[in-house]
Amino acid sequence: MTATEITELAQGVGDAGAWMVQGGSLSGKRARFSELEVLRGALPSEVIVKWMQPVRSLDAMLLCIAEGVGRFNADVEDILATAQLRAQSGPLMVPLPGWDY
């Protein structure tokens, strides 16, 4: 889908009262990060965005959180183990869009 198509669809879904929108599916095409940015920007802030692309790193998850993604498909044990190791050297921080990246 184009960015315009994603925006129009997301606005319609948001106007219809959706509480969560999923980017991609397990069995079909999975949304790219750039598509999630468009989706999140077009939806009302109270609508949760879920990314079905498996998040493979803590850094990718933190970037998604910075962009407003609230649910993930990930290896929870791996992400938590990485977070625990990283937290030993300092606090984990969600990057700030426009400042940190």
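The following dialogue explains how several terms apply to this predicted model.

Trainee: What makes up the secondary structure of the protein?

Mentor: There are four helices and three strands, in the order α-β-α-β-α-β-α from the N terminus. Helices are DSSP runs of H or I with at least four residues, strands are runs of E with at least two, and both are numbered from the N terminus. The C-alpha trace spans about 45 × 35 × 25 Å along its principal axes.

Trainee: Why is Trp51 called buried?

Mentor: Buried means under 20% relative accessible area, exposed means over 50%, and partly exposed lies in between (1.4 Å probe, protein chains only). Trp51 has 8% relative accessibility, so Trp51 counts as buried. Of the 101 residues of the protein, 28% count as buried.

Trainee: Why is Phe33 called partly exposed?

Mentor: Phe33 has 26% relative accessibility and therefore counts as partly exposed.

Trainee: What makes Phe33 and Trp51 an aromatic pair, and a tilted one?

Mentor: Rings of Phe, Tyr and Trp (its six-membered ring) pair if their centres lie within 6.5 Å; planes under 30 degrees apart count as stacked, over 60 as edge-to-face and the rest as tilted. The structure holds one aromatic pair. For Phe33 and Trp51, the distance is 6.2 Å centre to centre, with 55 degrees between the planes, and the pair is tilted. Phe33 lies in helix α2 and Trp51 in strand β2 (residues 48-55), so the pair ties together parts that are 18 residues apart in sequence.

Trainee: How do you know that Glu35 is buried?

Mentor: The relative accessible area of Glu35 is 9%, so Glu35 is buried. Glu35 belongs to helix α2. Contact means heavy atoms within 4.5 Å. Apart from neighbours within four places in sequence, Glu35 is in contact with Met1, Ile6, Lys29 and Arg30.

Trainee: Which residues of helix α3 are buried, and what do they pack against?

Mentor: In α3 (residues 58-66), the buried residues are Leu58, Met61, Leu62, Cys64 and Ala66. They pack against α2, β2, β3 (71-74) and α4 (76-87). After α3 comes Gly68, with a positive phi near 100 degrees.

Trainee: Why is Thr82 called partly exposed?

Mentor: Thr82 has 25% relative accessibility and therefore counts as partly exposed. Thr82 is found in helix α4. Thr82 and Ser57 are 25 residues apart in sequence, yet their C-alpha atoms are 8.2 Å apart in space.

Trainee: What is the volume of the largest pocket, and which residues are closest to its centre?

Mentor: On a 1 Å grid over the protein atoms alone, a pocket is an open set of points where a 1.4 Å probe fits, with protein on both sides within 12 Å along at least five of seven lines; lining residues have an atom within 4 Å of a point. The largest pocket has a volume of about 300 Å³, the space filled by probe spheres set on the points, which are joined across faces, edges and corners. Of its 13 lining residues, Met1, Ile6, Gln22, Gly23 and Gly24 are the closest to its centre. Helix α1 gives the most to the lining, with four residues.

Notes: Residues are numbered from 1 along each chain as its sequence is written. This is a predicted model: local features need pLDDT of at least 70, side-chain atom pairs count only at pLDDT 80 or more; totals for chains, interfaces and linings use all residues. Side-chain values use heavy atoms; hydrogens and water are left out.
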